[in-house]
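Hi everyone, thanks for coming. Let me put the model up on the screen, and then I'll walk you through it.

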Amino acid sequence: MQEVFYEESSLLNKEKAGLLKYRLLKIFSVVSYVMAVLFLILFFNYDLSNFHFLAFVLTAVIPFAMFIAFGIVLGKVKNNMYVDYDYTFVTGSVRVSKVIRRIKRKNVIKFETSDIQQLGKYGSETYDKLEKTPGMKRIVLTSNQSPSEGSDFYYLHVCTEGTNKLLIFDCSEKFMATILRYSNKNILEKDFK
């Protein structure tokens with residue numbers, strides 16, 4: 001049996017804005033860590049023999065912890081500002097990876113075509129009904145607010161690990177047709193155009 005491999009990427013439409021946000025958050029994160037270190041250096045240069053425990057906690061530990069926490073939060077948030085997604089189909093298996101700054105790759109989800117319950121256009125009547133289904137977990141697999149050039153928004157209703165997931169893709173019709181070719185043909189929504 002010949003293995004079929006097909007891959008597409010959902011690249012960030014507003015690349016410059018994403019890169020600017022990423023860099024700003026990185027700078028603020030580093031500044032927060034530097035402020036934490038400077039705060040400790042300045043604080044411990046004072047005579048601590050006259051301090052009470054409560055005063056020490058309020059003036060040293062809490063601000064230090066806040067600077068560190070702020071740096072960590074900004075460091076994590078920055079990674080969501082410049083993200084592309086890679087969609088890979090390998091004979092019956094679909095893999096989605098998140099690519100941060102086109103450097104770091106993180107696997108998001110992997111499922112088999114046999115796990116797909118429905119395929120269709122994002123925003124259709126069928127999609128709206130599925131989205132309102134109790135217990136449905138919605139996962140957006142694109143950073144774009146509008147489809148990339150030559151692409152459109154599609155959804156896959158997938159049932160994996162006992163969880164119903166509604167996956168939103170920014171891909172070409174050819175990618176979805178490739179998935180459909182190796183799936184049960186009944187998964188195509190009725191009002192698909």
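**The pocket and what surrounds it**

Let's begin with the largest pocket, whose lining consists of Leu12, Asn13, Lys14, Ala17, Gly18, Lys21, Asn80, Met81, Ser143, Asn144, Gln145 and Ser146. A pocket here is an open set of points on a 1 Å grid over the protein atoms alone, where a 1.4 Å probe fits, with protein on both sides within 12 Å along at least five of seven lines, and lining residues have an atom within 4 Å of a point. The space in the largest pocket is about 260 Å³, where volume is the space filled by probe spheres set on the points, joined across faces, edges and corners. Sorted by class, its lining has three nonpolar, seven polar and two charged residues. Nonpolar covers Ala, Val, Leu, Ile, Met, Phe, Trp, Tyr, Cys and Pro, charged covers Asp, Glu, Lys and Arg, and the others, Gly among them, are polar.

A word on the ground rules: this is a predicted model, with local features needing pLDDT of at least 70 and side-chain atom pairs counting only at pLDDT 80 or more, while totals for chains, interfaces and linings use all residues. Residues are numbered from 1 along each chain as its sequence is written, and side-chain values use heavy atoms, leaving out hydrogens and water.

Now the fold. The protein has four helices and eight strands, taken as DSSP runs numbered from the N terminus (helices H or I, at least four residues; strands E, at least two). Along the sequence, the pattern reads β-α-α-β-β-β-β-α-β-β-β-α. Of the 193 residues, 39% count as buried; that means under 20% relative accessible area, with exposed over 50% and partly exposed in between (1.4 Å probe, protein chains only).

How many aromatic pairs does the structure hold? There are eight, counting Phe, Tyr and Trp rings (for Trp, the six-membered one) with centres within 6.5 Å; planes under 30 degrees apart are stacked, over 60 edge-to-face and the rest tilted. Take Tyr87 and Phe175: their ring centres are 5.9 Å apart and their planes meet at 40°, so this pair is tilted. Tyr87 sits in strand E2 (residues 83–90) and Phe175 in helix H4 (residues 173–181), so the pair ties together parts 88 residues apart in sequence. Both Tyr87 and Phe175 are buried. Phe175 also forms a tilted pair with Phe169, at 6.4 Å centre to centre and 40° between the planes. Phe169 is buried too, at 0% relative accessible area. Ring pairs link Tyr6, Tyr87, Phe169 and Phe175 into a cluster.

Staying with H4, its buried residues are Phe175, Met176, Thr178, Ile179 and Leu180. What do they pack against? Strands E1 (5–10), E2, E3 (93–100), E5 (116–121), E7 (152–160) and E8 (163–171), with contact meaning heavy atoms within 4.5 Å.

Ser93 lies in E3 and is buried, with a relative accessible area of 6%. Leaving aside neighbours within four places in sequence, Ser93 contacts Thr88, Lys110, Phe111 and Glu112. Val108, in strand E4 (residues 104–112), is partly exposed at 38%. With neighbours within four places again left out, Val108 touches Tyr85, Val96, Ser97, Lys98 and Leu141. Val108 and Val96 are 12 residues apart in sequence and 5.6 Å apart, C-alpha to C-alpha.
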